[in-house]
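Here are my notes on this model, as numbered points. Please read them with the structure open.

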Amino acid sequence: MFDVLYANGLYVLTSQAAGFLAGQKYSASAIEKKKYRYYNEGMTADKFEYRQDVAFINRDKELHDLKIFVDKRPSEILFLHGPKSSGKTTLLYKFLEKLGKEQKVNVKFLNLRKTFTEFSDEYNYKDFLSVFFKVDDKSEKKGKIAAGINVGLFKINSQIDMKMRQGKVDPFKVMEKEFIRLNKKGTKPILIIDELQALDKIYMDNGRDRRLIIELFNFFVAMTKESHLAHIIIASSDGYFINTLYTDSRLKKSSIFYRVDYLPKEDVMEWLLNLEKYSKIKDYILTKEDAEKIWETVGGSMWEIQDILFKLFRSPLDDVLGLYKKKMRSLIVDYVVKPEQEEIEKLLRRFVDREELPKEEINSEEEKLLRDMVRQNILYFDPTEATYYPQGKSFHHGIRLYFEKK
Ligand SMILES: Nc1ncnc2c1ncn2[C@@H]1O[C@H](COP(=O)(O)OP(=O)(O)OP(=O)(O)O)[C@@H](O)[C@H]1O
Ligand SMILES: [Mg+2]
């Protein structure tokens, strides 16, 4: 599972399966022991001494805005959108960690990307039930239910579970009852669904024409705008999925759309000039000029900054950034090789001298191609502005380099 690299006089573990293990400092003989401990104790992070830690920079404004949202009586659904890896999930985790210390809340957090990778591509209604509801008969003293039941959100007993699967009990009623119970107890219910688009293609069991997602939205509107029972927060990086919601007039009127973006320059500079403070990196420091170069290459994309910081343990900055740009260019090269190459190039060329492309400037044929580029995460589509952007600075460089060398 682990690759071992020898760098800077130290052994560095890199792991494909678990990126977060990368960069630890061990003597060769300790590696086996650590592996053993890792497998036997799970990830007890505090026992490791990291050479590079996962940073969390700023987000004061976003955390404040989320707090304001949950301190108001539930009245609308909150949709968090933003480019790929802009930090939506991390922000939510951080927010909940803080909120849990301050208030009596009951958070039901569903990360559908994580959960649904366990299923096949063909999600069905029963998968939805398994993911949302957790069968727990403990309170009824019936003993422990068989292991292997999927971890869900709303606790139900096995009888209800059975009836729900037979279509005799309405899952939305079960959820509503739980929200009512929590409200009576003086606990704020917060339902968070990350990557909701995973449910997009599911239909209700008792009618092929009833789409689950529509039923869910009806329910969310009822729980927020109408009965004010629970906070509902939904995150997705699928700009097109969010767009269908944004253009639905009923949802638009009962929702807030909030963009979570990459970090602004001042945050990136603060991070890069204080590596020990934010990333626990002691092996090297960066000058202002170095930090500027990183910003110029990847902008505020945190995932890429972390990746570059890791690579700097082994190689000089200019080499790392040079390779990075080459990589971004080759991603564009790989993408463009398609029957529609000419049309794709024509579209991408429009980003050479500009940052964005408004939807008004494109026709429906072009839109099809752009849609695919959004799905492939080359571009990001912001539904609230109806505008296409390259997915971060690095993709923008990739696009420019592609045309420079042509
Ligand atoms: N405030 C932050 N400071 C530094 N790094 C961050 C911050 N927020 C997120 N990151 C890092 O950025 C990367 C992407 O974060 P995250 O997965 O939360 O993004 P996302 O928007 O949910 O992505 P996706 O679009 O794939 O759902 C992670 O490596 C995370 O550690
Ligand atoms: Mg996410």
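1. Which residues in helix 16 meet which residues in helix 17? On the helix 16 side they are Glu343, Ile344 and Leu347. On the helix 17 side they are Glu366, Leu369 and Leu370. By class, this contact has four nonpolar and two charged residues, and no polar ones. Keep in mind throughout that the model is predicted.

2. Next, the geometry of that pair. Two packed helices are described by the angle between their axes and the distance between the axes. Helix 16 covers residues 341–349, and its angle to helix 17 is about 85 degrees. The two axes are 10 Å apart. Angles of 65 to 115 degrees count as roughly perpendicular, and helix 16 and helix 17 are therefore roughly perpendicular to each other.

3. Now the bridges. Strand 11 (residues 357–358) pairs with strand 13 (residues 387–390) in the antiparallel sense, over two bridges. Leu357 stands opposite Tyr388. Pro358 has Thr387 as its bridge partner. Strand 12 (residues 379–382) also pairs with strand 13 in the antiparallel sense, here over four bridges. Phe381 in this pairing has Tyr388 as its bridge partner.

4. Most residues other than glycine have a negative phi.

5. Is Val374 buried or exposed? Val374 is buried, because 21 other C-beta atoms lie within 10 Å, where the cut-off for buried is 20 or more. Its place is in helix 17, residues 364–375. Leaving out residues up to four places away in sequence, Val374 touches Gly239, Tyr240, Leu379, Tyr380 and Phe381. Val374 and Tyr388 are 14 residues apart along the chain, and their C-alpha atoms are separated by 8.4 Å.

6. Ser85 is not a glycine, yet its phi is positive, near 55 degrees. Ser85 is found in the loop between strand 4 (77–81) and helix 3. With 17 other C-beta atoms within 10 Å, Ser85 is partly exposed. Lys280 likewise has a positive phi, near 55 degrees. Lys280 is found in the loop between helix 12 (275–279) and helix 13 (288–298). Lys280 is partly exposed, with 15 other C-beta atoms within 10 Å.

7. How many residues surround ligand 1? The number is 17, and the closest are Gly87, Thr89, Thr90, Ser237 and Met302. By class, the shell has six nonpolar, eight polar and three charged residues. Helix 3 (88–102) supplies at least two residues of this shell, and so does helix 14 (302–311).

8. How enclosed is helix 5, and why? Six of its eight residues are buried, so helix 5 (residues 125–132) is largely enclosed by the rest of the structure. The buried residues are Asp127, Phe128, Leu129, Ser130, Val131 and Phe132.

9. Last, the whole chain. Its secondary structure comes to 18 helices and 13 strands. Of the 406 residues in the chain, 31% are buried. Among contacts with a separation of 6 or more, 68% come from residues 24 or more positions apart.

Definitions and conventions
Residues are numbered from 1 along each chain as its sequence is written. Chains are lettered from A and ligands numbered from 1 in the order in which they are written. This is a predicted model: local features need pLDDT of at least 70, side-chain atom pairs count only at pLDDT 80 or more; totals for chains, interfaces and linings use all residues. A residue is near a molecule or strand if its C-beta atom, placed from the backbone, lies within 6 Å of it. Ala, Val, Leu, Ile, Met, Phe, Trp, Tyr, Cys and Pro count as nonpolar, Asp, Glu, Lys and Arg as charged, and the others, Gly among them, as polar. A residue is buried if 20 or more other C-beta atoms lie within 10 Å of its own, exposed if 12 or fewer, and partly exposed in between; C-beta atoms are placed from the backbone. Two residues are in contact if their C-beta atoms, placed from the backbone, lie within 7 Å. Axes are lines fitted to C-alpha atoms, for helices over the stretch in contact, and angles run from 0 to 180 degrees between N-to-C directions. Angles under 35 degrees count as roughly parallel, over 145 as roughly antiparallel, 65 to 115 as roughly perpendicular and the rest as oblique. Two strands pair if DSSP finds at least two bridges between them.
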